[in-house]
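Please look through the sequence and the model below, and then follow the explanation from the inside of the chain to its surface.

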Amino acid sequence: MAGSILVTRGAGEGQGVVSITLSHPGKFNAMSRAMWRELKAVFTALQADPQARCVLLRGEGGHFCAGGDIAEYPSFRFNEAELRQFHEDEVWGGLQAMLDCDVPIVAQIEGNCMGAGVEMASCCDLRLAGASARFGAPIARLGFPMAPKEAALVAQAAGTTVARAMLLAAEVFDASAMLAHGFLTQVLADAEVAGYCQALVQRIAGLAPQAARLNKQTLRAILASNKPLALVDYAQAAPDLIANSALVPDAAYAYADSAEHREGISAFLAKRKPQF
């Protein structure tokens, strides 16, 4: 089996919640080449789905992701062109689709979160883990480095100190250490992780979806520029809200007359729950 990316949604998941499960039985959900391509397709579709309000990313069988599917590696890693295509098109294609997704993404991390697992978790907005979860990228033991874009992604999310330890010393961190380093949002007892994450994504899905997408666009622009907000290209970021807008800061307020904005204010004043 090459593994798969399972997508579920509907009443059991909560209105607007999309659950994405990494599934590779017997391999702790290690990412195969087929799974990377599926991941890109799934998140590209989610970005264009107006019904999606929150994404829950998790692994099957008590583990998040143990890294890449090493059994596939001899078939392509020794050819420079094929290796480049794998990392730049397949792996980064999946990760970039996650980074480009304006829908909030919550990572439910249990068990092993290694290599590719750390990379995918780095693309998520909120990261919650069980106390026994383990994090690392010990690929130095396999004789190859992390691809440049992937290393930059992990260093930005986990910090350069953690990235150096993972990549240079094959260090493996526990959940409490990753919380202390700022990578994790919260650490929970193993038995509580799934229930807490389900409640969290349903709560996020009940909040204003347009505001969530615009907040993600703003945060992405800040991180990309590595400085406080200057001129964010809101016309590029939200063309449905700001059609043909000039690239000026005032475009950030084009949501003023939107139905969501009016409903939130009206509900507060009427002392009722808003219907977003």
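I109 touches F64, A121, R127, L128, A129, G130, A133, F135, L184 and V193, if residues up to four places away in sequence are not counted; a contact here means heavy atoms within 4.5 Å. This is a predicted model, in which local features need pLDDT of at least 70 and side-chain atom pairs count only at pLDDT 80 or more, while totals for chains, interfaces and linings use all residues. Residues are numbered from 1 along each chain as its sequence is written, and side-chain values use heavy atoms, with hydrogens and water left out.

I109 also belongs to the largest nonpolar core, which has 57 residues, and M31, F43, I109, M120 and F135 are the members that touch the most other members. A nonpolar core is a set of buried Ala, Val, Leu, Ile, Met, Phe, Trp, Tyr and Cys residues joined through side-chain atoms within 4.5 Å, where buried means under 20% relative accessible area, exposed means over 50%, and partly exposed lies in between (1.4 Å probe, protein chains only). A second, separate core has twelve residues, including V17, L56, I204 and A205. In soluble globular proteins, nonpolar side chains tend to be buried together.

The strands come next. Strand β4 (residues 105–109) is joined by four bridges to β6, and the two run parallel; within this pairing, Q108 has L128 of β6 as its bridge partner. Strand β6 is also joined to strand β9 (residues 186–188) by three bridges, again in parallel, and here G130 has L188 of β9 as its bridge partner. Strands are DSSP runs of E with at least two residues, helices are runs of H or I with at least four, and both are numbered from the N terminus; two strands pair if DSSP finds at least two bridges between them. Because four of the five residues of strand β6 (residues 126–130) are buried, this strand is largely enclosed by the rest of the structure.

Across the protein chain, there are ten helices and nine strands, and buried residues make up 47% of its 276 residues. Among contacts in the chain with a separation of 6 or more, 69% are between residues 24 or more positions apart.

A34 lies in helix α1 (residues 33–47) and counts as partly exposed, at 23% relative accessibility. I265 lies in helix α10 (residues 259–269) and is also partly exposed, with a relative accessible area of 48%.
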